[in-house]
Amino acid sequence: MARNKGHNKKRKQFTQKDQQHNQSQARSESFNICNFAYFFYNKYPDSIARMVAAGKTVDMHVPKGLNDAIKAYQPTSDGGSQTVHSLHQRGSLRWVGSHEVRHIALQVVHPGLIAGMGTARAIPDIEGCIQNGISLDYTTGLPYIPGSSIKGSLRSALEPSRNGESESACAHLELFRELLGDDSLGMETLRDIIVALFDNETASGQAGQPIFFDALAEPDGRSLFTFDFITPHRADEDPFKDPVPLQILKVAPGTLFNFYIALPSELRVNDTLTLTCVQVQDVFKQLLMTFGVGAKTNLGYGLFCEV
């Protein structure tokens, strides 16, 4: 009997040491982050997968250690990469053909930004692990919003006005009247504006169409990421039974994003209305602050404010 107690005690000590080793290993590995994209999509899942494959005890300490590294990650530069922002600041990217490259700097507001949530990741289904994907620039490792997503999100937000849905269309009409300072602006002209902003292609390609670049977060020495929870419900007869909250990663409120859009000097809407480059820039800026981009914008995520 005494022998069994001694064996159980020793076994418990080994288990505790194994857990402490896992916790120490996760923290020592995770705090050395050079490129966050590599860490999040390779090192993070690999660290856990190796422990699982080795038969080691994987508890809340392991993902917590890795998640602590994410919160502690505070980049101070883009690593000297040739980003759109750095090229524009140096004067190397001012024009794309006949289009002038315009800069819009905006900050993420509370509760944060979720972009690239559906990006696939090979991650074990362990409580506390970050399950969602996020859009990260391959070279710098910084969070970014693809230019196609920016265009698609804004175009989708204005879609009711193209289709004549009354309640939303009226709200959009008031927004554009205020932006352009024209109370006589009608619904037909609003539809023409939306087409000019997002669908206007000439016979030579995209000479008259705004060009959206990827928007990259600007590192400023503070944490760019934080955590949140979503609670998916099962599609059975009782969808509210035993919900399981999932921890997700999001871009922290206060993070600065640099948006760049190449615009023609004038954007012809119809025979009676032509928008200047500055007017189009102001329109896109207001649309980003009003409608936002990314996932869960209907719950307030993905919105921006002026710096």
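Entry one: helix 7 against helix 8. I'm working from a predicted model. Helix 7 (residues 166–180) packs on helix 8 at an angle of about 75°, and their axes are 10 Å apart. An angle from 65 to 115 degrees counts as roughly perpendicular, so that is what I call helix 7 relative to helix 8. On the helix 7 side I listed A169, C170, H172, L173, F176 and L180 in the contact, and on the helix 8 side M187, L190, I193 and L197. Sorted by class, this contact has 9 nonpolar residues, 1 polar and no charged ones.

Entry two: H172. Is H172 buried or exposed? Its relative accessibility is 6%, under the 20% cut-off, so it counts as buried. Leaving out residues up to four places away in sequence, I found H172 touching A157, L158, P160, S161, L190 and F291.

I checked its length: 12 residues (187–198) at 1.5 Å a residue should span 16 Å, and the end C-alpha atoms are 17 Å apart, which agrees. I noted L190, I193, I194, A196, L197 and F198 as buried in helix 8.

I saw I150, L154 and A157 of helix 5 meeting F284, L287, L288 and F291 of helix 9. My tally for this contact is 7 nonpolar, no polar and no charged residues.

Conventions
Residues numbered from 1 in each chain as written. Predicted model: local features only at pLDDT ≥ 70, side-chain atom pairs only at ≥ 80, totals over all residues. Heavy atoms only, no water. Helix = DSSP H or I, 4+ residues; strand = E, 2+ residues; numbered from the N terminus. Expected span 1.5 Å × (residues − 1). Buried < 20%, exposed > 50% of the residue type's maximum accessible area, 1.4 Å probe, protein only. Axes fitted to C-alpha atoms, helices over the stretch in contact; angles between N-to-C directions. Parallel < 35°, antiparallel > 145°, perpendicular 65-115°, else oblique. Contact = heavy atoms within 4.5 Å. Nonpolar A, V, L, I, M, F, W, Y, C, P; charged D, E, K, R; others polar.
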